[in-house]
Amino acid sequence: MDVTEVMAQIIVTDLDRSTAFYGALFGGPPDVNPMPKLHEWHLDGAGAIQVYEEPERAGRSGATLHVADLDAAAAHLDAAGIAHEPVAEADYVRIVVLADPDGNRIVLAGEK
């Protein structure tokens, strides 16, 4: 299998509310709206995050996003008013953990 791109799907209860959250996280509106109840942000050749409204399954998703500069990413979260845990040390990377309005877990990971 030759995987060329990954799309993580985050399941939410309210697409409008989640679009505001992920818009703040990614610094802009979704890149596409390929179907009803689905917005998608493309991550500069690294794949995409799909935010899909399906209330009965919401809040059980998660994604880990590797970032070039974790400190800058944490500063962006602060400036955008997005609550997050402090930068923490993991075995191989440093991480910042946050949750969207439905409790979906997002982890930002950067080099030590």
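Which helix and strands do the buried residues of H2 pack against? They pack against helix H1 (15-26), strand S7 (93-99) and strand S8 (105-111).

## Basis of the model

This is a predicted model, in which local features need pLDDT of at least 70, side-chain atom pairs count only at pLDDT 80 or more, and totals for chains, interfaces and linings use all residues. Residues are numbered from 1 along each chain as its sequence is written, and side-chain values use heavy atoms, with hydrogens and water left out.

## Helix H2

Helices (H or I, at least four residues) and strands (E, at least two) are DSSP runs, numbered from the N terminus. H2 spans residues 70-80. Its residues Leu 70, Ala 73, Ala 74 and Leu 77 are buried (buried means under 20% relative accessible area, exposed over 50%, partly exposed in between, with a 1.4 Å probe and protein chains only). These residues lie on the same side of H2, because they cover an arc of only 100 degrees around the axis. That arc is taken from the directions from the helix axis to the C-beta atoms. Asp 78 and Ala 79 are exposed on the face turned away from the buried side.

Asp 69 caps the N-terminal end of H2. One of its side-chain oxygens lies 3.1 Å from the backbone nitrogen of Asp 71. Gly 81 follows H2, with a positive phi near 75 degrees.

## Thr 19 in helix H1

Thr 19 is found in helix H1. It counts as buried, at 16% relative accessibility. Its side chain reaches the backbone oxygen of Leu 15 at 2.7 Å. Leaving aside residues up to four places away in sequence, Thr 19 touches Pro 30, His 39 and Trp 41 (contact means heavy atoms within 4.5 Å).

## Salt bridges

A salt bridge is a side-chain nitrogen of Lys or Arg within 4 Å of a carboxyl oxygen of Asp or Glu. By this rule the count is four. One of them joins Arg 17 and Asp 102, with the closest N and O atoms 2.9 Å apart. This pair links distant parts of the chain: Arg 17 sits in helix H1 and Asp 102 in the loop between S7 and S8, 85 residues apart. Arg 17 is partly exposed, at 38% relative accessible area. Asp 102 is buried, at 18%.

Lys 112 pairs with Glu 89, the closest N and O atoms being 3.6 Å apart. Lys 112 lies in the segment after S8, and Glu 89 in strand S6 (residues 88-89), 23 residues apart. Both Lys 112 and Glu 89 are exposed.

Terms used
Polar contact = N/O pair within 3.5 Å; in protein donor to acceptor, adjacent residues only side chain to side chain.
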